[in-house]
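Keep the viewer open as you read.

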Amino acid sequence: MVMLISAQAGRLPSSLPETMRAVAKTEPARGARLITTAVPTIGPRDVLVQVRATTVCGTDLHLYTWDAWSAGRVKPPVTIGHELGGTVVAVGSEVTTVAVGDFVSAETHVVCGHCYQCQTGQAHVCANTRILGVDIPGCYAEYVAVPASNIWKNAATLPLEWAPLQEPLGNAVHTVLAGDIAGRTVAVIGCGPIGIMACAVAKACGASTVIAVDLNAFRLELAGRMGASHLIKADEEDAVAAVHALVPGGVDVICEMSGHPKAMRDAFRMVRAGGRYSILGLPSRPVELDVANDIVMRGVTVQGITGRRMMDTWYQVAHLLNARQLDLDPLITHHMGLEDIDEAMELMISGNCGKIVLTP
Ligand code: ZN
């Protein structure tokens with residue numbers, strides 16, 4: 001069973017400071033603030049990680065802009081951020097699998113360990129999931145407390161800035177490898193960082209054709225550098241026609257990363273009959289689909305993807321990175337500090353960035 005982060009005071013080494021800098025959602029409104037707060041205490045099954053690199057995710061942008069999803073879920077004040085790489089500086093009294101000094105990242109979904117899903121190999125859809133940096137204090141901070149069971153130990157040879165990227169890369173790996181991919185034709189709809197990584201994963205895992213579809217020229221160019229074989233700028237050409245020109249009859253696999261209603265509907269006309277349509281993108285509202293014509297009569301398999309399979313996906317990610325079958329360097333476009341949070345979020349809104357690394 002997973003021990004959730006304890007609110008009770010634990011003992012921390014006296015060498016650690018009592019306070020730290022962190023970026024927190026301090027009130028239920030747009031924005032986030034750099035604050036000074038207590039270094040988290042840990043329960044007997046938790047570890048304390050000194051954060052050495054963290055990366056900005058679209059989820060953090062939702063929290064920053066305080067959209068409907070954030071307003072319905074988050075209870076300020078909470079430290080945000082969840083993609084991390086760092087060094088363990090303290091472990092709880094019952095922790096035996098992680099040691100002080102370990103170079104680690106973390107699975108960000110803290111699951112209950114006792115629900116139906118957790119007991120049957122589907123912990124990534126645990127009914128009681130709590131998310132780091134959303135429901136519990138996150139890693140836009142100098143230190144973060146994480147249950148030991150969520151810790152992923154990195155190879156010493158892993159570049160520090162790739163460590164936090166394993167979490168979103170896990171979303172891409174989970175989506176792309178949720179079905180057959182070798183020798184298949186794939187269209188990735190939406191080229192935010194996870195979509196770009198999906199292009200790279202599809203190529204690395206043997207897809208024959210990887211079509212990237214987006215509106216943003218900067219991100220399409222990045223998708224091309226990371227592995228897409230064809231780029232479609234959907235506001236300049238008919239994306240459905242362009243896909244059929246490249247792959248007559250439609251692609252074998254759609255990886256939906258945009259959450260955009262029109263793009264989602266269009267993609268049902270890009271996938272071949274009998275193909276796979278895997279959805280990671282989150283639409284902000286219900287989306288109307290032509291179920292009879294686009295799904296049932298064409299025998300399309302539609303699949304929801306969330307999080308990373310625990311810990312299967314983490315092993316796949318680590319193996320791809322440790323074997324250098326993927327190069328994440330081109331994706332890292334900006335380096336900033338915690339104090340630059342507003343600038344980082346504005347950059348995310350513009351879309352003219354890959355991954356932004358924040359160094360606490
Ligand atoms: Zn559970």
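This is a predicted model: local features need pLDDT of at least 70, side-chain atom pairs count only at pLDDT 80 or more; totals for chains, interfaces and linings use all residues.

Start at the zinc ion. Which residues hold it? The protein donors are the SG atoms of Cys112, Cys115, Cys118 and Cys126, lying 2.3 to 2.4 Å from the metal. Look at the angles next: the 4 donor atoms subtend 103 to 120° around the zinc ion, and because four donors count as tetrahedral if all angles lie between 85 and 135 degrees, the arrangement is tetrahedral.

Along the chain, the donor residues follow the spacing C-x2-C-x2-C-x7-C. Cys112 sits in the loop between strand E7 (109–110) and helix H3 (116–119), while Cys126 belongs to the loop between H3 and strand E8 (130–131), so this pair ties together parts that are 14 residues apart in sequence. Cys112 and Cys126 are both buried.

Is Glu167 buried or exposed? Its relative accessibility is 4%, and buried means under 20%, so Glu167 counts as buried. What does Glu167 touch, leaving aside its neighbours within four places in sequence? Glu167 is in contact with His82, Glu83, Ala106, Thr108, Arg308 and Trp314.

On to the backbone. Most peptide bonds are trans, and most residues other than glycine have a negative phi. With that in mind, check the link between Pro76 and Pro77: this peptide bond is cis, with omega about 0°. Pro77 is part of the loop between helix H2 (68–73) and strand E4 (78–79). Another cis peptide bond joins Met310 and Met311, and here omega is about -10°. You can find Met311 in the loop between strand E16 (301–304) and helix H10 (312–322).

Then there are the phi angles. Trp66 isn't a glycine, yet its phi is positive, at about 60°. This tryptophan, Trp66, lies in the loop between helix H1 (58–65) and H2, and it counts as buried because its relative accessibility is 15%. Arg324 also has a positive phi without being a glycine, with a value near 55°. Its place is in the loop between H10 and strand E17 (332–337). How accessible is Arg324? At 40% relative accessibility, Arg324 falls between the 20% and 50% cut-offs, so it counts as partly exposed.

Technical notes. Residues are numbered from 1 along each chain as its sequence is written. Side-chain values use heavy atoms; hydrogens and water are left out. Buried means under 20% relative accessible area, exposed over 50%, partly exposed in between (1.4 Å probe, protein chains only). Contact means heavy atoms within 4.5 Å. Helices (H or I, at least four residues) and strands (E, at least two) are DSSP runs, numbered from the N terminus. Donors are N, O and S atoms within 2.8 Å of the metal (3.2 Å for Na, K and Ca); water is not among the atoms, so sites may look incomplete. Four donors count as tetrahedral if all angles lie between 85 and 135 degrees; four count as square planar and six as octahedral if opposite donors are over 155 degrees apart and all others between 65 and 115; anything else is irregular.
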